[in-house]
Amino acid sequence: MFKFLKGVVGGSGTGLKDLPYNIGDPYPSSWGSWSHFRGTSKDDGSPVSIFALSSSNAQDGHLAAGRNGVKRLRTVRHPNILSFLHSTEIETHDGSATKVTIYIVTEPVMPLSEKIKELGLKGTQRDEYFALGLHQIAKAVSFLNNDCKLVHGNVCLASVVVTPTLDWKLHAFDVLSEFDGSNESASGPMLQYEWLVGTQYKPMELVKTDWVAIRKSPSWAIDSWGLGCLIYELFSGTKLGKTEELRNIGCIPKSLLPDYQRLLSSMPSRRLNTSKLLENGEYFQNKLVDTIHFMEILNLKDSIEKDTFFRKLPNLAEQLPREIVLKKLLPLLASALEFGSAAAPALTALLKMGSWLSAEDFSVKVLPTIVKLFASNDRAIRVALLQHIDQFGESLSGQIVDEQVFPHVSTGFSDTSPFLRELTLKSMLVLAPKLSQRTISGSLLKYLSKLQVDEEPAIRTNTTILLGNIANYLNEGTRKRVLINAFTVRALRDAFPPARGAGIVALCATSSYYDDAEIATRILPNVVVLTIDQDSEVRSKAFQAVEQFLQILKQNYEKTNAGDTTASAGISSVPGNSGLIGWAMSSLTLKGKPSEQAPLSASVSAPSLASTASDASTAMETPSVKLSHARSNSDFTDQPAPPSPTSTDGWGDIENGINEDHDSQKEGWGDLEPLEEPKPSPALANIQAAQKRPFSQPASQSSRLPVQATTSRPKATTVKATKTEDDDLWGSIAAPMPGATSRALNAKRAGQDDDDDPWAAIAAPLPTTRAKPFTAGRGRAAKPAAPKLGAQRINRTSSGY
């Protein structure tokens with residue numbers, strides 16, 4: 001451990017084994033006497049770059065300059081200067097010869113000349129990328145000259161390297177030295193290792209080693225000349241051979257030519273300061289530079305500027321070099337979204353750029369950011385994710401969806417915004433196939449049960465459609481418990497015509513899951529009723545569904561008679577769930593804007609269901625906009641109100657544990673037999689029997705009969721005195737109001753005996769006081785009133801008892 005720390009701090013070590021990095025293949029070019037290798041970390045395998053400088057002479061000046069470069073690179077930090085990671089110096093002995101090698105480990109980079117060949121950019125895109133790179137190098141040189149009062153001494157093409165994100169970095173600090181122009185007494189060389197620099201890169205005063213003139217010159221004079229050499233090598237595409245070649249200005253862009261000439265002025269005092277070069281708006285202000293610069297200072301922008309920028313970014317990205325967008329702009333955008341500095345429209349740009357990646361790169365560079373965004377509390381981000389889930393949903397693994405995505409998405413089922421509830425519902429078409437059976441049965445179906453009685457008719461309709469589309473992902477037991485109850489008890493009795501139509505289409509699409517008994521006793525009786533529905537589209541679908549299910553029964557009957565016992569019940573030549581049902585058109589809005597969501601799936605592709613699905617989408621997408629007027633349309637009020645389920649367990653045990661305080665109407669798809677021939681309750685049967693037989697009792701007994709009958713009735717069931725006699729008679733057997741909880745008609749109340757008391761069901765409530773008896777000889781003589789059934793209003797005197 002001590003040797004390792006000594007190598008990090010002091011730049012020395014005892015062997016290559018002390019270097020915690022693996023050395024890979026070399027690059028074909030590098031600056032000076034250094035060799036540039038690819039490398040990886042021994043700890044985590046992350047890529048690095050390794051620079052090596054070797055000499056068999058311990059007193060070699062190259063080694064001294066190399067040690068100076070290591071020291072300078074370690075201490076100088078800037079975004080556009082190569083990042084230092086580690087260094088060590090190793091001595092190896094080969095007989096009597098000793099070899100010394102200096103290693104510098106940095107962030108992964110490659111020589112600029114190699115990267116330019118690899119990108120192969122041409123025309124405007126090449127010029128825009130060169131402008132971006134020159135802008136970065138000019139900032140690094142300006143930092144050294146103006147802020148640190150340092151002179152690099154050898155700015156050229158070889159001293160620039162490129163990161164994986166295509167950023168240009170300045171390195172080769174072997175010649176780097178302080179500028180001591182203020183020291184008038186100094187007479188020696190200011191750049192101790194200037195002999196390492198090629199003559200073609202030296203300004204005239206440096207060629208003459210006129211240190212007096214150099215010290216009187218500005219601190220940027222030498223490096224401004226070097227920056228001019230870099231510009232020439234970039235646009236000429238060749239390495240500078242001699243100084244005279246710098247006069248060939250045919251390859252230099254016209255917008256950059258004046259600054260290029262000032263950088264190469266023969267008089268050091270007139271050379272352009274690199275900080276002034278950055279102010280050249282005509283050359284450096286292009287789409288690529290402006291876009292990258294905006295992303296780099298995103299935190300300083302206000303919300304309006306961000307929103308405007310990100311809305312333009314998808315179209316702008318198509319005009320920029322594709323390689324630069326994917327390697328530079330995409331990581332910046334993903335980081336901005338992940339840390340909250342980017343607005344919701346940025347997600348559209350991220351997904352568009354991600355579509356240009358391979359599936360493997362998309363999973364590595366884009367998906368991790370998207371998964372983290374699902375935990376965001378920003379409603380705009382959540383809406384954007386759900387609106388574009390079809391673009392990345394297939395790339396999500398089942399484990400990620402089940403453990404990281406669905407828990408956050410499911411909060412949208414109970415959101416106060418109908419628009420977000422509907423988007424959450426539609427997203428399940430993509431996510432449900434990746435959910436485990438435990439999550440589907442334990443969570444998803446509970447939420448769908450609630451949405452099928454949602455206040456928004458479009459959501460109720462689309463819930464039914466979703467159930468039909470995900471039926472094949474349910475296990476057999478869940479399908480038996482859920483589908484028929486959801487489609488018949490709920491959907492076919494909905495007051496919204498498209499919801500009833502969706503129920504019929506869903507039954508047809510899932511016909512292969514029902515046996516003959518279910519079709520004959522539970523499905524057909526419910527569907528046949530809709531053949532006289534008030535809505536023509538619903539009637540049309542009902543007739544088609546009746547024909548389809550009768551055909552299934554007929555085919556199964558023929559197979560049975562033919563002795564084909566291998567045919568499975570409920571499966572016919574008429575395909576059932578062979579395609580997806582289209583969404584209903586949504587009328588829900590977000591912040592007053594209509595939803596622009598297109599249907600996530602096409603109509604049913606099976607031939608027998610093509611017309612059914614087409615009719616379903618027609619009923620849900622008619623220009624009359626039934627969805628948007630679901631609450632105000634008077635036609636809906638004429639529809640029979642859906643009866644309240646008598647079961648409070650939903651489809652079974654899956655409904656327990658969520659919203660237990662809701663009434664039985666909203667607690668699930670109970671196991672009902674909705675359209676069986678209704679039988680009169682015992683109370684009503686007794687009343688009918690009592691009406692057919694004579695009834696006579698003493699007046700004293702009959703006057704007590706209602707009191708005796710009502711003493712065992714709960715207080716909550718008492719009938720108000722303001723109701724008419726007819727209301728009292730039918731109140732106990734009337735159909736429940738929509739959305740109200742009704743009790744079973746055959747449920748007996750505590751202490752009530754219907755056989756002994758046939759009128760108990762319509763008895764008047766128990767009087768709160770007793771009538772004061774009349775005493776003989778008091779007041780006027782009057783005949784006692786004839787006794788009546790039920791409680792009586794008694795006119796009492798103020799004297800009381």
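A residue is called buried when its relative accessible area is under 20%, exposed when over 50%, and partly exposed in between, using a 1.4 Å probe and protein chains only. Keep that scale at hand for this tour.

This is a predicted model, where local features need pLDDT of at least 70, side-chain atom pairs count only at pLDDT 80 or more, and totals for chains, interfaces and linings use all residues. Residues are numbered from 1 along each chain as its sequence is written, and side-chain values use heavy atoms, with hydrogens and water left out.

**The whole protein**

The protein has 31 helices and 12 strands. Helices (H or I, at least four residues) and strands (E, at least two) are DSSP runs, numbered from the N terminus. Of its 801 residues, 47% count as buried. Now consider contacts, meaning heavy atoms within 4.5 Å. Among contacts with a separation of 6 or more, 68% are between residues 24 or more positions apart.

**Stop 1: T369**

Select T369 in helix α16, residues 367-373. Its relative accessible area is 4%, so T369 is buried. Hide its neighbours within four places in sequence, and T369 is in contact with A334, L337, E338 and L350.

**Stop 2: H78**

Go to the loop between α2 (61-75) and β4 (84-94), where H78 is found. H78 has 21% relative accessibility, so it counts as partly exposed. Beyond neighbours within four places in sequence, H78 is in contact with K139, A140 and F143. Pick the C-alpha atoms of H78 and F143: they are separated by 8.1 Å, though the residues are 65 apart along the chain.

**Stop 3: aromatic rings**

The structure holds eight aromatic pairs. Rings of Phe, Tyr and Trp (its six-membered ring) pair if their centres lie within 6.5 Å; planes under 30 degrees apart count as stacked, over 60 as edge-to-face and the rest as tilted. Select Y129 and W168. Their ring centres are 5.7 Å apart and their planes stand at 90°, so this pair is edge-to-face. Y129 lies in helix α4 (residues 123-147) and W168 in strand β9 (residues 168-170), so the pair ties together parts 39 residues apart in sequence. Y129 and W168 are both buried.

Next, show F309 and F310. This aromatic pair is edge-to-face too, 5.2 Å centre to centre with 70° between the planes. Both F309 and F310 are buried.

**Stop 4: charges over rings**

A charge sits over a ring if NZ of Lys or CZ of Arg is within 6 Å of the ring centre and within 35 degrees of the ring normal. Select R38 and Y27: R38 lies over the face of Y27, 4.0 Å from the ring centre. Then move to R322, whose charged end sits over the ring of W356, 3.7 Å from its centre.

**Stop 5: V538**

V538 is found in helix α26, residues 536-561. With a relative accessible area of 1%, V538 is buried. Leaving out neighbours within four places in sequence, V538 is in contact with P497, R500, G501, I504, L530 and D533. Now pick V505. V538 and V505 are 33 residues apart in sequence and 9.9 Å apart in space, C-alpha to C-alpha.
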